[in-house]
Amino acid sequence: MDKDKIEDRFAKFYDAYYKVKTEELFKNYPGERSLTADLEALASFEPYLASELTQNPDDIIPIATASLSKLSKGLKIIEPIHARFIGKNSNIPIQDIGTQLQDKLLTIDSIVARKFEMIPIPIYIKAKCAFCGTDAELKREDTGEQPACPRCKRKSLKIDVKASKFINRQRLSIKSPVQDKSDPYTYHLDVWLEDDLVDKVKSKDRVEFTGIIRIEYNPKEERYGFALHVIGLKNLQPEIDRKAALEHNMAKVFELVRASQYQFLEGVPEERIVAESERFGTAKAATLECIEDHKKNGSLVSPEPGLLATPEYAEIIRRNKELEKDTNSIKNIITKLTETDSGAKITDVLDQAEKQGISRDKTTRVINTLERMGDIYSPKPGILKIVRREEEPTA
Ligand SMILES: [Zn+2]
């Protein structure tokens, strides 16, 4: 495929997959300067383009950028526009990055080990050669090497800082997110971020970096090394943090309910959990979300609307309520039988309670409890009477 055809295919790709995003980009330009496309989306649109991009990123990315810039339809380009890409983790461990990957595109899952300060780097250079006096106007190459005088080829250009154009550049050191247990050494890779990618990550963030592997000379160490020149990144940390916070809040809500529920006969009021969580800095909406999730997965139940309990305690609440109801029924039976006679025969109480669905065993147990509590007494064997209390209205 020739250059024009590739450019045309990219235009169609952006139109098919990123129409809205492209429109937003040019609406917010130059505040926004990048369009980040997914390599998998590109592969499903045109496998050839995705494979070319991975194998020859230095040829393909400028074409994608040109294609994207043309879509701006007459927008005055004062800041660089970036065709960025993110993709699936290549699963290549940092220690396996070697010369076979030079100038190839790949995605590395990593943790940011260290972040260095931003530095300005010229992308358009206006300079005068200190040796031969030639005026030079240069575009910077991605190799990072110092440009030479176009006439005498000496690296003696004196850059006119005010007339040149600079963008931010930042170096990171990344490491693998998992430590190989059989290998105690932690391998690091230098990573370069530029322009709007600068300061998009923090130390310790989990990030997928998509970029081009470069071989660079390190003058301090007097040797060459590998570095990843990033063309797109996906910071996984916010989502990881969000999940961790949710898990933490879920555990906290459960613990609050479990620890305080025995103070409540019918369950812990949800407002109390919300208020307690707020004291620990959790917003009301987040706590309510946790409560809903707990109810959905059954780790907490609602004995009554607005009340919470663990399933075990909810069962105790249910049994207590049933016992209370049965006790009231039995007390009513005894009261009624006492009104019509000198006392209630135990056998009559057992019969009538049984008709209401209370087993004879249970009735016997309730009678024993009521006697022990002093609510009823037995004037003679087989007969029961209600104890009338002064402060209680008579039934
Ligand atoms: Zn010169």
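Colleague: How many Å separate the centres of domain 3 and domain 4?

Modeller: The model is a predicted one, and in it the centres of domain 3 and domain 4, taken over C-alpha atoms, are separated by 41 Å. The chain is divided into domain 1 (3-86), domain 2 (94-235), domain 3 (239-309) and domain 4 (322-386).

Colleague: What makes you say that the largest nonpolar core lies between domain 1 and domain 2?

Modeller: That core has 40 residues, and those with the most contacts inside it are Leu 53, Val 191, Phe 209, Leu 228 and Val 230. Strand E9 (residues 223-235) gives the most to the core, with 5 residues. Domain 1 (3-86) and domain 2 (94-235) both give residues to it, so the core lies between them.

Colleague: Which residues is Phe 209 in contact with, leaving aside its neighbours within four places in sequence?

Modeller: Two residues are in contact when their C-beta atoms lie within 7 Å, and on that basis Phe 209 is in contact with Thr 107, Ile 108, Ser 110, Ile 174, Val 191, Leu 228, Val 230 and Leu 233.

Colleague: How do you know that the buried residues of helix H1 are on the same side of the helix?

Modeller: The buried residues of H1 are Ile 6, Phe 10 and Tyr 14, and they cover an arc of only 80° around the axis, which puts them on the same side of H1. On the other side, Asp 4, Lys 5, Lys 12, Asp 15 and Ala 16 are exposed. As background, an α-helix has 3.6 residues a turn, so residues three or four places apart point the same way. The buried residues of H1 pack against H2, helix H4 (47-55) and helix H5 (57-71).

Colleague: How do you know that the span of H1 agrees with what it should be?

Modeller: At 1.5 Å a residue, the 15 residues of H1 (residues 3-17) should span 21 Å, and since the end C-alpha atoms of H1 are 21 Å apart, the two values agree.

Colleague: What makes the buried residues of H5 line one face of the helix?

Modeller: In H5, Pro 57, Ile 60, Ile 63, Ala 64 and Leu 68 are buried; seen down the axis of H5, these buried residues fall within an arc of 140°, so they line one face. What covers them includes H1, E1, H4, E2, E3 and E8. H5 is followed by Lys 73, whose phi is positive, near 50°.

Colleague: Why is Asn 91 called exposed?

Modeller: A residue counts as exposed if 12 or fewer other C-beta atoms lie within 10 Å of its own, and Asn 91 has 10 of them, so it is exposed. Asn 91 is found in the loop between strand E2 (82-86) and strand E3 (105-129), and its phi is near 60°, a positive value in a residue other than glycine. Most residues other than glycine have a negative phi.

Colleague: Is Asp 199 buried or exposed, and how do you know?

Modeller: Asp 199 has 11 other C-beta atoms within 10 Å, so it is exposed by the limit of 12 or fewer. Asp 199 is placed in the loop between strand E7 (188-194) and strand E8 (206-218), and it has a positive phi of about 65° although it is not a glycine.

Colleague: How do you know that E8 and E9 are paired strands, and in which sense do they run?

Modeller: Two strands pair if there are at least two bridges between them, and E8 and E9 are joined by 12 bridges and run antiparallel. Glu 216 has Gly 225 in E9 as its bridge partner. In the hairpin of E8 and E9, which has 4 residues between the strands, Glu 222 takes a positive phi near 50°. E3 and E8 also run antiparallel, joined by 7 bridges, and Thr 107 stands opposite Thr 210 in E8.

Colleague: Why are strand E12 and strand E13 said to stand at the edges?

Modeller: The order in this open sheet of 3 strands is E12-E14-E13, with antiparallel pairing. Strand E12 (344-345) and strand E13 (376-377) each have a single partner strand, so one side of each is left without a neighbour in the sheet. E13 and strand E14 (residues 383-386) pair over 2 bridges, which meets the requirement of at least two.

Terms used. Residues numbered from 1 in each chain as written. Predicted model: local features only at pLDDT ≥ 70, side-chain atom pairs only at ≥ 80, totals over all residues. Core = buried A, V, L, I, M, F, W, Y, C linked by C-beta atoms within 7 Å. Buried ≥ 20, exposed ≤ 12 C-beta atoms within 10 Å, placed from the backbone. Domains from an automatic or database assignment. Expected span 1.5 Å × (residues − 1). Arc of directions from axis to C-beta.
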